[in-house]
Amino acid sequence: MRPLVVDKIASVAQSCRLGREVRIASEIPCEEGVVIAVEVLSNKSTYNTIELTSGRMAQVKRGDIVVGALGHRHALFGYSGHIPEKLAPGDTINLLNLGGVMGICDSVNRDRGQPFECRVLGTVLHFPYLGERIGTPARVGSIKLPENPVVDMRGIPVVALAGTCMDAGKTAAAAAIISRFSHYGYRVAAFKATGVSLRRDILAMEDAGARATAIFTDFGIVTTAPGNGPRLTRTMLNRMAETRPDVIVFELGDGILGAYGVEAILKDPEVRQAVSAVILCANDPVGAFGGVQLLRERFDIEPAMVTGRSTDNEVGVKIIREQMGVAAFNALTQEAELGEHLRGVLFGPEAGA
């Protein structure tokens, strides 16, 4: 065990409440969520920031001592990587996302450039025993994830946002819904159910007016998967319901066809019963068509509306409405119309009139 002064603590480790001086050890359990310290070995001109525990974005440069956590990633427009089987001080690892998730990069998206290479320094230690200098490896997440939670929504309507892929406009749509419903006087709770640890999206939801928020990292999950997605979603639905909101909004990160568990969540009977409306976010009319067909045919879900870049002007809106028979609104330019339509879906035609 030795002391180490760090430059940046990534948001994935927020629940650990670390200071600038930490204690590290040389034995590193290669498990998801284990918090490690690294030295950055390279510089980058793009995708060169991390999200700090404060929520601010900070530029990363060669020589920085950074704290993050082990995890995997399978992103269409980002890096794909895995947790190594073994790791020791001096080994090289990559920074896989903006939230501080670290692993071995397997595949690179050319728009992001090569990932940061980092030299492993050790495991960051947590000291759970008051008055004793006995350290254990620090891990992300401060809330225990129940084994088989049963959903109890207490009659609260729930809106789910699913997308054709990452960067399809889900967070912008969620923020627009939260903002509009807050203007109506409703108390809104919001969470992100799938993806790779990054708090940016739920911070945007808070900025839009959400009274309570959550993300899967709060429960010790760095990257969601089909095996844990439904359990996480059930748990977060229950926790948000406990805050007694009028409406719950949640985002399914990545796309319907992805590796983060969106399909498993949409097929989960308890989640399906809890969700009042599903909104599809799509980048173009063809993606919107495929997404609507997937929701209808594979999941037996009729989308309440389509939004995203496919609705950036009246051309896309008209195609979606006429050829798919689904309402379409742009979350950025038609927030009021989108909100009125959704209010009618959730609370009846008179509410949305």
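**Ground rules.** I count residues from 1 along each chain as its sequence is written, and side-chain values use heavy atoms, with hydrogens and water left out. Because the model is predicted, local features need pLDDT of at least 70 and side-chain atom pairs count only at pLDDT 80 or more, while totals for chains, interfaces and linings use all residues.

**Entry 1: H1 and H2.** I looked up helix H1 (residues 170-183) and helix H2 (residues 200-208), which pack at an angle of about 20° with axes 8 Å apart. Helices here are DSSP runs (H or I, at least four residues), numbered from the N terminus. Axes are lines fitted to C-alpha atoms over the stretch in contact, and angles run from 0 to 180 degrees between N-to-C directions. H1 and H2 are therefore roughly parallel (angles under 35 degrees). I noted the partners in contact (heavy atoms within 4.5 Å): among them are Ala 174 and Ile 178 of H1, and Ala 204 and Met 205 of H2.

**Entry 2: Ile 177.** This residue lies in H1. I found Ile 177 buried at 2% relative accessibility (buried means under 20% relative accessible area, with a 1.4 Å probe and protein chains only). Beyond its neighbours within four places in sequence, Ile 177 touches Val 159, Leu 161, Val 249, Ile 279, Leu 338 and Leu 342.

**Entry 3: Arg 343.** I then turned to helix H8 (residues 335-347), where Arg 343 lies. Arg 343 is also buried, with a relative accessible area of 17%.

Note on methods. Helices (H or I, at least four residues) and strands (E, at least two) are DSSP runs, numbered from the N terminus. Angles under 35 degrees count as roughly parallel, over 145 as roughly antiparallel, 65 to 115 as roughly perpendicular and the rest as oblique. Buried means under 20% relative accessible area, exposed over 50%, partly exposed in between (1.4 Å probe, protein chains only).
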